[in-house]
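Reader: I would like to learn how to read a few features of a protein model. Could you take me through them one at a time?

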Amino acid sequence: MSFTLIIVIITVLISLAAFNNEQLHHKLILWPRRMDNPAEYHRLLTSGFIHADYLHLIFNMLALYLFGRNVEAFYAFSGMPAFLFPVMYLTGIVAASLPSFSRHRNDPYYRSLGASGGVAAVLFSFIYFAPWAVIYVWFIPVPGIIAAVGYLVYSAYMSKQQRDNVNHDAHFWGAVFGFVFTLLFAPDHGKEFLARLLHPEFNF
């Protein structure tokens, strides 16, 4: 069984449990104002295993499943140890949570949840290996690298606007983390990544 599938199953089970257990939900969610001591720092990670609703859960787990399997294959092909995939995903959740934790430490009403930071890390790890692979954005085929740049610009813009309840900071920093993590552990592929950028492939 792949690490991707294991993570999906665990996340679904915990999310479903939290849907029906408000106490568990409150214990796992990222709640900066309540994180005044190290005993509460687990929320930086556990918030990535609960979701707001079924649609939120399905969207994140579908994206994780589709891209995660490919990233695991890329890791294996590049000679990277298999365990680095779950390490990247889990640390991606934490890295994506840290900016929100810092930014909202004194806001008693701010809370955040969802696997989006980790999923963004996986997506941008995928982009590192296959920058011109087609990604469907709302059913529209878009080259991965173009979708990635648009994703970062949109996330940064929406983070400044603060017009909705989406944690755009987590999306942005999770994406950056995933790319940098993979670059650090598979640096030899960096030259190939740059070479591919200079030779666009549009396989729609």
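Predicted model: local features only at pLDDT ≥ 70, side-chain atom pairs only at ≥ 80, totals over all residues.

Reader: What is phi of tryptophan 138 near?

Author: The general idea comes first: most residues other than glycine have a negative phi. Here, tryptophan 138 has a positive phi, near 50 degrees. Phenylalanine 139, found in the loop between β1 and β2 as well, has a positive phi near 70 degrees.

Reader: Is tryptophan 138 buried or exposed?

Author: Tryptophan 138 counts as exposed because its relative accessibility is 70%, and exposed means over 50%. Phenylalanine 139 is exposed too, with a relative accessible area of 77%.

Reader: How about pockets? Which residues line the second largest pocket?

Author: In general, rolling a probe the size of a water molecule over the atoms shows where empty space is left. In this model, the second largest pocket has a volume of about 210 Å³. Its lining includes Phe74, Phe129, Asp188 and Arg196. By type, the lining residues are seven nonpolar, two polar and three charged. The most, three residues, comes from α9.

Reader: And where does α5 bend?

Author: At serine 97, by about 25 degrees, with proline 99 following within four residues. Helix α5 covers residues 84–103 and reaches 29 Å from its first C-alpha to its last, close to the 28 Å expected. Serine 97 is among the buried residues of α5, and those buried residues pack against helices including α1 (3–19) and α8 (168–185).

Note on methods:
Residues numbered from 1 in each chain as written. Heavy atoms only, no water. Helix = DSSP H or I, 4+ residues; strand = E, 2+ residues; numbered from the N terminus. Expected span 1.5 Å × (residues − 1). Bend = angle between axes of the 7 residues up to and from the residue. Buried < 20%, exposed > 50% of the residue type's maximum accessible area, 1.4 Å probe, protein only. Contact = heavy atoms within 4.5 Å. 1 Å grid on protein atoms, 1.4 Å probe; cavity = no way out; pocket = protein on both sides within 12 Å on 5 of 7 lines; lining within 4 Å. Points joined across faces, edges and corners; volume = space filled by probe spheres on them. Nonpolar A, V, L, I, M, F, W, Y, C, P; charged D, E, K, R; others polar.
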